[in-house]
Amino acid sequence: MAFTIFILACLAGGSTAVLSVDLRPYNITAGYMFVINDKNEDAILSLAEFEAPFNVYDFNGDKKIERHEYVCMIRASNENLVHVSHAIYDYYDLDHDSKLEKHDFAAFYKKMDKDENGEVSYHEFVVYWTQLLKDTEHHSLHGNPHPLHEDKYCEKHGHNKGR
Ligand SMILES: [Ca+2]
Ligand SMILES: [Ca+2]
Ligand SMILES: [Ca+2]
């Protein structure tokens, strides 16, 4: 979700020269993200299912996902998603301290649970993420054409391109 965007890397093809990506139609993309993460296929995204990718992004295992961990992981999958990944990280990082912890996930999960029944349905998920992807459209469709900054950024933090 923040972490499902990892999945987007699989969806988004195209040239890496432009560093932008078209994720439209967003409701289809959101639906696909849900299906991939709903591991037990009960049409409910549980908090456990939502949190499952946490350790994948926590590169150094300190129970926090820092911006570079998230962005560089996405970047290793698909450079076109770098800019939208920054934007989505900001959605998760509600207190703007550039660290995502389990409580941030829980808070984000609550935001998706529109009817507050303690679980996120397919419909709730798709509505929420369709809007979120729409809001980040500027980042996904008009990416920065200068990737050098990101190169240094990820190398500095020990993320090798292609990991
Ligand atoms: Ca489920
Ligand atoms: Ca970490
Ligand atoms: Ca719900």
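**Close-ups of a predicted model**

**View 1. Helix H8, end to end.** Helix H8 takes in residues 122–135, which makes 14 residues, and from its first C-alpha to its last it reaches 20 Å, close to the 20 Å expected at 1.5 Å a residue. Keep in mind while looking that this is a predicted model. Which residues of H8 are buried? Look for Phe125, Trp129 and Leu133. Around the axis they cover an arc of only 50°, so they sit on the same side of H8. As for what lies over these buried residues, the cover includes helix H2 (26–37), strand S1 (44–45), helix H7 (102–112) and strand S4 (120–121).

**View 2. Phe125 and the core around it.** Start from Phe125, one of the buried residues of H8. Leaving aside residues up to four places away in sequence, Phe125 touches Ala30, Phe34, Leu45, Met112 and Val120. Phe125 also belongs to the largest nonpolar core, a set of 27 residues, where the ones with the most contacts inside are Ala30, Tyr70, Val71, Ile74 and Phe125. Two or more residues of this core come from each of H2, helix H5 (67–77), H6, H7 and H8. Which element gives the largest share of this core? That would be H5, with five residues.

**View 3. Leu45, on strand S1.** Here we move to Leu45, which has its place in strand S1. Is Leu45 buried or exposed? It has 25 C-beta neighbours inside 10 Å, and the cut-off for buried is 20 or more, so Leu45 counts as buried. Its partners, not counting residues up to four places away in sequence, are Phe34, Asn37, Asp38, Phe50, Val120 and Phe125. Find Ser121 too: it is 76 residues from Leu45 along the chain, yet their C-alpha atoms are separated by 6.2 Å.

**View 4. A cis bond at Pro25.** Zoom in on the loop between helix H1 (5–11) and H2, where Pro25 lies. The peptide bond from Arg24 to Pro25 is cis, and its omega is near -5°. For background, most peptide bonds are trans.

**View 5. Two residues with positive phi.** Most residues other than glycine have a negative phi. Ala43, in the loop between H2 and S1, has a positive phi of about 65° although it is not a glycine. Ala43 has 13 other C-beta atoms within 10 Å, so it is partly exposed. Where is Ser98 found? Look in the loop between helix H6 (82–92) and strand S3 (99–100). Ser98 isn't a glycine either, and its phi is positive, near 55°. With 14 other C-beta atoms within 10 Å, Ser98 is partly exposed.

**View 6. Residues 12–17, and the chain they belong to.** The mean pLDDT of the chain is 83, with 80% of its residues at 70 or more. Over residues 12–17, though, the pLDDT is below 50, and this stretch has nine contacts in the model beyond near neighbours in sequence. Now step back to the chain: it has ten helices and four strands, and from the N terminus on they run α-α-β-α-α-β-α-α-β-α-β-α-α-α. The chain has 163 residues, and 33% of them count as buried. Of the contacts with a separation of 6 or more, 69% are between residues 24 or more positions apart.

How values were computed:
Residues numbered from 1 in each chain as written. Chains lettered and ligands numbered in written order. Predicted model: local features only at pLDDT ≥ 70, side-chain atom pairs only at ≥ 80, totals over all residues. Expected span 1.5 Å × (residues − 1). Buried ≥ 20, exposed ≤ 12 C-beta atoms within 10 Å, placed from the backbone. Arc of directions from axis to C-beta. Contact = placed C-beta atoms within 7 Å. pLDDT = per-residue confidence, 0-100. Core = buried A, V, L, I, M, F, W, Y, C linked by C-beta atoms within 7 Å.
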